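Please look through the sequence and the model shown here. The text that follows takes the reader through a few parts of the structure in turn.

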Amino acid sequence: MALLQIAEPGQSAAPHERKIGIGIDLGTTNSLVSAVKSGQCVTLADELERHLLPSVVHYSETSIDVGYHARDNSNADPANTIMSVKRFMGRSLADVTTHWHQLPYQFVADSVSPRFITAIGELNPIQISSHILSALKTRAEASMGDEITGAVITVPAYFDDAQRQGTKDAAQLAGLNVLRLLNEPTAAAIAYGLDSKEEGVIAVYDLGGGTFDVSILRLNKGVFEVLATGGNSALGGDDFDHLLASHLASQLGLDAVEEKQNHRRLMNAGKEVKEALSNTDISRVSIQLVGADEGTEVSVNLDQLNQMINDLVKQTISTCKRAVKDARVSLEEVNNVILVGGSTRVPLVRQQVETFFKKAPLTSIDPDKVVAIGAGIQADILVGNKPDSDMLLLDVLPLSLGIETMGGLVEKIIPRNTTIPVAKAQEFTTFKDGQTAMLVHVLQGERELVDHCRSLAKFTLKGIPAMTAGAAHIRVTFQVDADGLLNVTAMEKSSGVRAEIQVKPSYGLEESEILDMLQSSMQNAKQDMQERMLKEQQVDASRVLEAMHGALAEDGDELLSDNERKAIDHALTSLGLCAANNDIDAIKQAIDVVDKLSQDFAARRMDKSIQKALAGHSVDDI
Amino acid sequence: MMNYFELYNLPEQFAIDLIKLKEHYQTLQKLTHPDRFATASEQQKRLYLTKNSQVNDAYSVLKFPVSRGEHLLIVRGVELPSEQDTVGDVEFLMEQMDWRESLEDASTEDALEKLVTDNFDVLVAQEKVIGDLLSHNTDEDNQAAAQELAKMKFMLKLANEIETKLDRITDS
């Protein structure tokens with residue numbers, strides 16, 4: 001497949017070939033990949049027709065094993081079988097172990113961020129997640145028989161910036177081009193909304209293995225507008241399993257040491273019990289403890305389970321209540337309720353959701369698959385296979401963004417449930433003469449004290465022109481993109497100087513660490529880093545060429561002066577020549593030249609199309 | 001500062017057609033949303049990200065009367081008073097104190113519902129006054145409108161607190 005088609009100036013480049021976009025549900029317990037085949041979005045199966053891929057990775061000196069095999073042998077080697085790695089994304093080790101103190105894994109001792117010690121060495125959650133994503137990518141390539149253009153990867157709506165960035169980094173490591181990070185409840189709404197062609201207000205209750213989300217959306221003529229979202233990124237079916245595991249441990253008379261030793265077996269048994277009780281009133285399991293010759297039988301009934309999990313389920317209902325209020329709708333206005341995630345099969349969950357919303361929830365689409373399907377539908381649109389699609393997703397920021405001010409307080413810059421993308425600017429000034437740097441601490445959360453919010457990152461602004469104290473007007477812009485990720489830029493207004501920003505994320509990895517990981521993974525996979533970077537630049541170049549030729553054909557005569565036009569044409573020819581060679585830096589520079597020369601042109605085109613549309617012409621005329 | 005009325009192609013005035021606003025919002029979203037540019041060049045992505053962010057901010061500003069009024073004044077080059085300025089109005093301060101006392105005293109659902117209605121009536125009246133003042137676009141009336149907007153902000157804050165208290169009572 002040719003990477004680059006150099007077109008004659010004035011002609012648009014490649015004809016519209018079908019590109020492949022895939023949807024990935026990277027779940028705590030199970031993952032799935034989907035794609036549109038013959039007009040339908042379907043989840044892709046492995047050789048044994050299994051659609052789910054357990055999010056379990058087993059490391060041995062000779063291999064990395066992802067999925068069922070790894071999961072079914074987890075009792076044998078718990079320290080090297082990583083389960084629910086999603087819980088560790090964007091978190092500190094202490095965050096997770098305070099909640100889960102019996103994990104069988106080995107961690108590097110004095111590291112704030114989790115570093116697993118495994119048979120193949122130290123691994124962080126991003127690397128482990130990338131192994132799961134790689135397996136899904138391989139499955140998709142085999143199933144679709146061609147290269148994947150890009151993927152839409154879902155994340156819990158309540159995931160914060162660090163958790164989202166970690167997910168994106170994992171995808172990059174796995175060699176996936178992320179088209180969008182999509183919120184799981186929104187993905188589910190897409191699958192249902194397009195399926196049923198209904199309009200109105202939908203509530204999505206998503207209880208997965210490790211996370212809980214509730215989203216209230218309004219669907220109208222293909223526009224999915226998230227009105228409000230709430231959740232808990234540390235509450236899920238795993239917590240039910242944990243309660244059961246503790247119950248089983250006390251039934252078996254185990255002490256703390258024995259409980260920890262048998263943690264994996266107890267958790268697996270607890271999960272088995274939970275799933276059984278979705279269909280019967282009493283469940284009997286046999287647990288073979290470490291060192292025992294045979295299993296011991298224990299039983300749990302539905303009432304006992306309900307008592308154990310009641311508080312947690314009630315918590316989720318309170319969150320639903322707040323979300324409905326934030327959405328400024330009444331319960332009566334909610335037309336439909338969708339249940340998502342395996343844990344919604346638990347009877348008590350279904351009952352309480354139905355009682356709260358006063359209507360029976362929809363479950364016609366498999367709750368395990370619905371998120372992946374929604375993601376696949378969006379991926380197909382984002383790669384350009386559906387140019388006539390009217391679908392539009394208007395999602396929101398789930399957690400307020402704020403900055404630390406005097407006295408350990410947080411000042412909110414962007415409130416939760418604001419539609420994204422969004423940008424807000426804040427003015428700062430210096431407090432010392434000649435001050436050339438400034439620190440901005442960004443946090444996420446609803447509370448007023450720094451200690452009660454989640455630290456996102458510390459941004460150091462450098463290169464502020466030296467002035468007297470208070471004379472500098474530094475405009476800091478907080479930009480949240482459609483993935484829910486924050487980007488900070490700063491400019492000193494009187495001089496027009498752009499400040500250099502250094503980011504120190506509070507959780508997760510710095511950019512340099514990601515690059516290191518990327519390079520070392522290349523070497524391990526015997527893939528040429530240079531080769532990949534060259535290819536990426538060439539794809540970029542071909543996009544720029546295609547877009548510019550189209551733009552010039554449409555608006556070149558009207559919106560450009562002769563000189564401007566000449567300069568751009570010249571730059572495009574240079575770019576075309578560079579792209580056919582192997583000098584990565586030359587291509588990058590050539591793209592930069594085209595960018596700079598065409599910036600005003602692009603802005604004029606955008607303004608023209610906006611004015612035209614608003615003046616009453618339909619969007620189709622353009 | 002970007003002129004949001006211009007961006008939305010709506011008349012530069014306080015009175016607004018909310019249906020038209022929504023229609024133009026949908027049109028602008030269809031044109032500028034990042035999802036339309038997922039495979040475009042980096043330059044295009046950046047350009048449309050900034051524009052779409054403006055579209056979103058403009059929508060929330062134009063939708064609500066206080067933010068719309070303030071934006072109109074900014075576009076007209078009028079400086080908005082800081083919080084301290086309104087505190088100087090003694091009569092207004094006394095009124096606020098009365099409201100707060102009533103809120104503290106109200107402990108039943110009925111009493112609070114009455115406050116909601118009364119507060120709402122004041123907000124409606126304030127909006128009308130602001131609309132009148134802004135329609136003339138004279139220096140004097142713009143200044144007066146700025147003061148009224150600041151007062152309306154206080155009343156909105158109060159509305160929030162009444163609602164919060166009402167929620168607490170109905171929840172328990």
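**A helix, a strand and an interface**

In helix 14 of chain A, the buried residues are A:Ile568, A:Ala571, A:Leu572, A:Leu575, A:Gly576 and A:Ala579. Seen down the axis of the helix, these buried residues fall within an arc of 140°, so they line one face of helix 14 of chain A. This is a predicted model, and the description here is of that model.

Helix 14 of chain A covers residues 562-579, which makes 18 residues. From its first C-alpha to its last, the helix reaches 26 Å, close to the 26 Å expected at 1.5 Å a residue. What do the buried residues of helix 14 of chain A pack against? They pack against helix 13 (529-559) and helix 15 (584-614) of chain A. The face turned away from the buried side of helix 14 of chain A carries exposed residues, namely A:Asp562, A:Asn563, A:Lys566, A:His570 and A:Leu577.

The next part is a strand. Strand 2 of chain A spans residues 30-37, and six of its eight residues are buried, so the strand is largely enclosed by the rest of the structure. Which strands pair with it?

Strand 1 (residues 21-26) of chain A is joined to strand 2 of chain A by five bridges, and the two run antiparallel. One of the paired positions is A:Ile24, whose bridge partner in strand 2 of chain A is A:Val33. These two strands of chain A, strand 1 and strand 2, form a hairpin with three residues between them.

Strand 3 (residues 40-43) of chain A also pairs with strand 2 of chain A in the antiparallel sense, over four bridges. Here A:Lys37 has A:Gln40 in strand 3 of chain A as its bridge partner. Strand 2 and strand 3 of chain A form a hairpin with two residues between them, and A:Ser38 in the turn has a positive phi of about 50°.

Strand 4 (residues 53-54) of chain A runs antiparallel to strand 2 of chain A, and two bridges join them. A:Asn30 stands opposite A:Pro54 in strand 4 of chain A.

Last comes the interface between the chains. The contact takes 36 residues from chain B and 41 residues from chain A. In chain B, B:Asp35, B:Thr39 and B:Gln43 lose the most area to chain A, together 19% of what that side buries. The area buried between chain B and chain A is about 3,300 Å², and carbon and sulfur atoms give 57% of it. Between chain B and chain A the count is six salt bridges. The side chains of A:Asp595 and B:Arg46 meet in a salt bridge, at 3.9 Å from N to O.

Terms used:
Residues are numbered from 1 along each chain as its sequence is written. Chains are lettered from A and ligands numbered from 1 in the order in which they are written. This is a predicted model: local features need pLDDT of at least 70, side-chain atom pairs count only at pLDDT 80 or more; totals for chains, interfaces and linings use all residues. Side-chain values use heavy atoms; hydrogens and water are left out. The expected span of a helix is 1.5 Å times one less than its number of residues. Buried means under 20% relative accessible area, exposed over 50%, partly exposed in between (1.4 Å probe, protein chains only). The arc is that of the directions from the helix axis to the C-beta atoms. Contact means heavy atoms within 4.5 Å. Two strands pair if DSSP finds at least two bridges between them. Buried area is the accessible area (1.4 Å probe) that two parts lose on being put together, summed over both. A salt bridge is a side-chain nitrogen of Lys or Arg within 4 Å of a carboxyl oxygen of Asp or Glu.
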